[in-house]
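Q: Can you walk me through this one? I have not looked at it before.
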Amino acid sequence: MFSRYSLITVVILAILFSIYVIYLDSQIRSRFEGRIWSLPSQVYARPLELYSGFAISAQQLEHELELIGYQKVDQLPAAPGQYRQWNNRHFEIITREFRFWDGVQKSQSLKLEIVNNKIFTLSSLYKQTEIPLVRFEPLRIGGIYPNQGEDRELIRLKDVPDYLVLSLLSVEDRRFYQHWGIDPVSIARALVANVAAGGTVQGGSTITQQLVKNLFLTTERTLWRKANEAIMALLLEMHYDKSLILETYLNEVYLGQDGARAIHGFALASQYYFAKPLTRLSKDELALLVGIVKGPSWYDPRRNPERAKERRNQVLMLMAEQDVISDAQLQAFKSRPLKIAQKSYRSGNRYPAFIDLVKRQLRSDYNEDDLKSEGLRIYTTIDPMVQDAAENAVKLLARLEQQYPQTESLQTAIIVASPENGEVQALLGDRTPDYPGFNRALDASRQIGSLIKPAIYLAALQQPKRYHLATILDDSVLRLKAQNGDIWEPQNYDKEFVGDITLYHALINSRNIPAVRVGLDVGLARIVETLHNLGIERDVPPYPSITLGAFSLTPLQVATMYQSLAGKGFRTPLRAIRDVTDAAGNVLNRYPLKLKQTVSAQSAYLLNFALHEVTQQGTAKSLKINLAIQVAGKTGTTDDLRDSWFAGFSDDRLAVVWVGRDDNQSTGLTGSSGALRLWTDLMKHIPARDLQLDTPENIQMQWIDPVS
């Protein structure tokens, strides 16, 4: 009777075990026969393109090379990613190969000279051949990650250096090609080696077991987990060949932490620790990566360099024991320093506010899951040189807070774009540039004050039989009675009235009363229509108070509005993306230039002529002294000095700056004393062309008597 029940029990247990094994098997097969990983999308800045005459200083070029992880050397550069610089003007550079949206660009060896902050000569490093254009690989500015924050760069087994595989197997799994997923011999040998060393120097788990643990199981140390690990390792080896298992392990293994971003796989770890591709690592550098597998945090070479070096040398000794390297190489490699890159060539999200804009513009074409899992490569418009200048400009906020005692807790938003094509070149949503929270550039809707006046006068100037720059306007007391009986009596900023004044002077001196009168005369509906023609898509209430800017826009919306003015009447939607490719480099989407003329060339010219004079003799006249180039622009100040604005443009740069407080309290700053100062500092530190105002047909200049 006992044996009968025992047999039934054994049969039941065997059936249950078989069902469980089938369940584990289905998990393995569904994962390996589908998509093994969710690959984050990689986001890149614009690539730096150099040619003769290109405006760039030696300091800016060197900074850009440092950003993309180039190594400065004292001798002639010998490998991709190296450069030499001397006399603050001569550069010798070997570029890296990179797969762009339009194909692979091979490595180039070049030399160049910078004179007066421009590329003077550009030629081959070894020949006297001129190079018309060189394009560097773009800076990776971040990624759009899966929820677990994993990042990896996939590499095929055939592209992995042989010495990496040999050293990895020497340390982690010497009998990888002999066992079936678990290896009692390796367990016993690791036990003996660890006892002899007085610590853990070898692991007993096979690479297959480690892969199973990483892909399917937790890190808890229980017998149940180890049993599952052994069963699944055997199943994995039954279904898939060793090459696929090894390749998967090389791309899956966890090798470090970069903030919230987890570094997986040897290819990405090579960039993270050494700022160069895996194929260019030396044997001692490969040994360090293999050593880190044992404990990425414990052996982190940036935080624990001595511990990491000791672990690297242990790996080198194991490699020598297996004849992967010679004894002479062992001694030479052990004496080498770690040579860890100061900064990772691939970092976490470097410009969070801009990446926020990229994500929003991608939503019309891609769902969130695709962005987090398909490994897309997103090439954007951001210019690191311009972004750096914007980030440096916000440091002036601390000086403003010291200079004006009533000013505290200032915040800011900055947007820089191209008037020619609408590409956003820089974007800040916080005075702390890498703050990933509330994005004021996109979401802070604030009253715009006098920034509305160009739209009012533009609506008037589009009626040339009634208005021109010399039209006499009335700057005197104005009282309006509302339907409910209330009296609205707008004031000028200085609380004074000047009587008759030309439209030209009313605009450049930002007089409120003439603007209100013109707005009421041309009609509030026409002002709203003009705003829509300038790119403002939100509803604007047609109340008289809009003539004083008593409605709210975000800095991005303001930039859209002024881009149409800087574009001389051509409306170009602001865009942050150039191209999107899949992981293999195939183009999925292009974001071409879209132009639409919404304002006549004549009225745009007249308005921009006056906006240029704002910077010469009007509310922004400090620019005439403090800036070396010709620009146009408009200050904006709201009631009680809550918001300080400046929107301005040169021929090739449009920039909008907002300064205010999150609690909407007074800043104590006008547009001139606040935002304009940041705008000026920004424009001083980026190359920009003089504003060009080409007189269109049907425009005549005449001398007038401004009094009569």
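**Sheet and helices**

A: Helix H12 (residues 352-362) lies across E11, E15 and strand E25 (577-581), at about 50 degrees to E11. Helices (H or I, at least four residues) and strands (E, at least two) are DSSP runs, numbered from the N terminus. Lying across rests on contact, meaning heavy atoms within 4.5 Å. Axes are lines fitted to C-alpha atoms, for helices over the stretch in contact, and angles run from 0 to 180 degrees between N-to-C directions.

Q: What should I know about the model?
A: This is a predicted model, where local features need pLDDT of at least 70, side-chain atom pairs count only at pLDDT 80 or more, and totals for chains, interfaces and linings use all residues. Residues are numbered from 1 along each chain as its sequence is written, and side-chain values use heavy atoms, with hydrogens and water left out.

Q: What is the strand order in the open sheet of 5 strands?
A: The order is E11-E1-E15-E25-E26, with mixed pairing. Strands pair if DSSP finds at least two bridges between them. At the edges are E11 (140-144) and E26 (587-590), each pairing on one side only.

Q: How many bridges join E1 to E15?
A: There are 3, and E1 (residues 41-44) runs parallel to E15 (residues 377-380). Glutamine 42 has arginine 377 as its bridge partner in E15.

Q: New topic: at what angle do H3 and H9 pack?
A: H3 (residues 162-172) and H9 (residues 283-292) pack at about 40 degrees, with their axes 9 Å apart.

Q: Which residues meet there?
A: From H3, Tyr163, Leu164, Ser167, Leu168 and Val171 meet Lys283, Leu286 and Val290 of H9.
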